[in-house]
Amino acid sequence: MAKYVYFFGNGEAEGRGNMKNLLGGKGANLAEMTSIDLPVPAGFTLTTEVCTEFYKNDRNYPTGLEAEVNQNLARVEQLMDKKFGDSQNPLLVSVRSGARASMPGMMDTVLNLGLNDETVQGVIAQSGDERFAYDSYRRFIQMYANVVLDMNGDILEHILEKMKADRGVEEDTALTAADLKEMVGLFKTKVKEELGHAFPMDPKEQLWGAIGAVFSSWMNFRAITYRKLNNIPAEWGTAVNVQSMVYGNMGDDCATGVAFTRDPSTGENYFYGEYLVNAQGEDVVAGTRTPQPINKAKHQPGDLPAMEDVLPECYEQLAKIRDILEKHYLDMQDIEFTIEKHKLYMLQTRNGKRTAKAAVKIAVDMVAEGLISKNEAIMRVAPEQLDQLLHPSLDPDAVKIVVAKGLPASPGAACGEVVFSADEAEEASKIGLKVILVRVETSPEDIHGMHAAQGILTARGGMTSHAAVVARGMGKSCVAGCGDIKVDYANQQFVARNGQIFKKGDVITLDGSTGEVMQGEVATVQPELSGEFGQLMEWADLVRRMKVRTNADTPHDSQVARDFGAEGIGLCRTEHMFFEGDRIAAVREMILSADVEGRKRALAKILPMQKSDFLGLFQVMKGLPVTIRLLDPPLHEFLPHADKDIEALAQEMSVSVSVLKAKVESLHEFNPMLGHRGCRLAVTYPEIYDMQVQAIMEAACELVKNDGFDIIPEIMIPLVCEVRELAILRANAIRVADEVIARYGVEVTYLIGTMIELPRAALTADVIAHEAEFFSFGTNDLTQTTYGLSRDDAGRFLPFYVEHEIFPTDPFVAIDQEGVGQLVKMGCELGRKTRPDIKLGICGEHGGESSSVKFCHRIGLDYVSCSPFRVPIARLAAAQAVLEEE
């Protein structure tokens, strides 16, 4: 028969710390602390399997559970020498949740359970303190009514506040025993009035009501939201811990508190925490009273007295337990404690939540202290946490007025005046104004404005939309797909969900880490990279086998990425270079040319500009590989579409409006993503790629000849689906490259490869490998074409799919390992079968997401490439992937 209940108490425990899956984090750690002889009040844990059965069987408990609970309750009674429900010597208990992953504040707790009109007299007899007994009773009714009976907590809180006002006191502790006894009566009357039935007086009924409430809280809104934010599966369930009560509210020799064995914000190695004299646990976190520091390490003049001074013996014992716990768990601990009549009890320990800065410092410090190894330090920091270190973040103490919420597309915080066009953003930037570029959605033509803006807000688009990808590459904060706003270009305003209107020039703040849009200016904190960060990255680099490159199109972005440890460029998008103001005219001239010669004349104007671009990239990435993707988007993206813009361009280019309109219409496509773009464009107009290959090779040859550079350019041909496309374009590229090399009289090795971004390319990778010396998997487009999803339009329903667990995660955020991932794996295996030395990498945005990076390691890729600010994340994830194999 299954065992559903595990006992702990008096140095004996049926569970252990490694049983978190079964006992939850709290239950496992209570058992562990008991087994290492720390002072833990006796109790028992109902396992997570009970929670699973509870939901599987329409909220009914498994057979035999009640008998097991009764047996373990009897053991607690025997150990504590008290009887549950006894009017003379009552045992009171707490009922708390405890999932295997820490979810602080997300689920429900009930304290002082077992109190009624009879047992309260027993508590008075036990304690000799009527005030304490009735204070515990009124707290129990408040908690139970809210948590178990689902009554609005403000109703009873209002009665408490009214009594304090009537008595002329500010603190709960100033109320007398008589006041509290009267309050208990008022509470019970109000419960009956609100709910239509009396407050339960039977302790057994109370117990099962609380157990059911805790299991039910696993599916409450805040718990569900927290699980989604932290990728905690619903099927894990929660355990329930029933534990004998100890009291911090029996007088001035009692206290309760919460502490961290190190500072969870900075990672500094000092005992950090707060406590309250004559209080229960919820008082510390509820904010109804001002907590006091536990020690004098950071004591400031005017601070309330520290526990170290007020209860010195208990503090000394707690400080010793702090050391015991850190040495036992080898990690920073978050602990809860209660002091009853100068006796210290431990109520909880768990690995403490911490900021990225603290996580890095604690990991590195613990290596120096000999507590953990370098490899363990690498595993201690979640790669995604590093985002906090690399971007400005909002001041946690600042007041925020949130007016809308979208997708957290690019982390960091940004504040500025609202503008609605890229040109406005650029002009504002020139005169020193900080702006937020607000668009329905962005296009490559907005690149200059995006660069000039502090942050980008779009009403449409997903996590890998143009706005998101470019913003991440620039390290700009971006909130994308914000359906809460309606953008009105005509009136130069956007309207938030609550009807509030924001006009051009109004100030807003973006939090790209949460997707929040806030009214006005919210203070930000600039990132500071510590020496510990560099040390952790150095250890990670010694462990990882997979290289990390960057997606970068400018020397500035390339330098940022190199400073973050990038080992080359895995994707340079040349189309971004075409939108610069001094070259867009030549691009448009090329598009409007009626014949090959006209196109070549226009391309000749672009050639020196492209060459200059590549010189800049090669110089920054000296000695490292640089993969340059030849032109990918369809030509219509370089032309205006609004009549007003067409007329302005026609005048600028000295062509008739009708000719320009006809060209725009001739280039129109119903589905441009699957249209005349990438290699298809070059098969039709080979002179475009010829010019780009010439520019690449001239830049490389010049640096080799004049500066002694060692360069191996990697020329990447996009959107290949048929090997004959690649064969034609490869032959053209070799012809142009070899001509340039001969002209310069130098030796330069170069590679020609392709992006694998279509399912057919992955399926025929063995054939394509005959013409390709490297594959770079473009997982953004491969995800779109595998799923049949447009990443810019899917934002309308993808959140619904994820929320309802149709998709486990957004496939544009983390690679779909079962579908898209299998195509990548197949492409790798087939490619190596034909060409064993083929170089394999990934350049989609998945290259900077930790689970995707680890997948790429497992299938044997040579490198991942990601936006500059995600390079450290990929480096750490690649190292963890190696260690997870051990």
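**The largest nonpolar core**

In this predicted model, begin by selecting Phe618, Met697 and Phe775, which touch the most other members of the largest nonpolar core, a set of 151 residues. Next, select helix H26, residues 686–707, which supplies the largest share of this core with 12 residues. In soluble globular proteins, nonpolar side chains tend to be buried together.

Now return to Phe618 and show what surrounds it: leaving aside residues up to four places away in sequence, Phe618 touches Val626, Ile628, Ile696, Ala699, Ala700, Leu703, Phe709, Ile711 and Pro713. Apart from this core lies another one, of 67 residues, and you can find it by selecting some of its members, including Leu113, Leu149, Met183 and Ala223.

**Helix H3**

Within H3, colour the buried residues, which are Leu65, Glu68, Val69, Asn72, Leu73, Val76 and Glu77. Then step on to Asp81, which follows H3 and has a positive phi, near 55°.

**The cysteines**

How many disulfides does the model contain? The count comes to 0. Select Cys478 and Cys482 to see one example, where Cys482 holds the cysteine sulfur nearest to that of Cys478, 10 Å away. Cys478 counts as buried because its relative accessibility is 0%.

Terms used
Residues are numbered from 1 along each chain as its sequence is written. This is a predicted model: local features need pLDDT of at least 70, side-chain atom pairs count only at pLDDT 80 or more; totals for chains, interfaces and linings use all residues. Side-chain values use heavy atoms; hydrogens and water are left out. A nonpolar core is a set of buried Ala, Val, Leu, Ile, Met, Phe, Trp, Tyr and Cys residues joined through side-chain atoms within 4.5 Å. Buried means under 20% relative accessible area, exposed over 50%, partly exposed in between (1.4 Å probe, protein chains only). Helices (H or I, at least four residues) and strands (E, at least two) are DSSP runs, numbered from the N terminus. Contact means heavy atoms within 4.5 Å. A disulfide is a pair of cysteine sulfur atoms within 2.5 Å.
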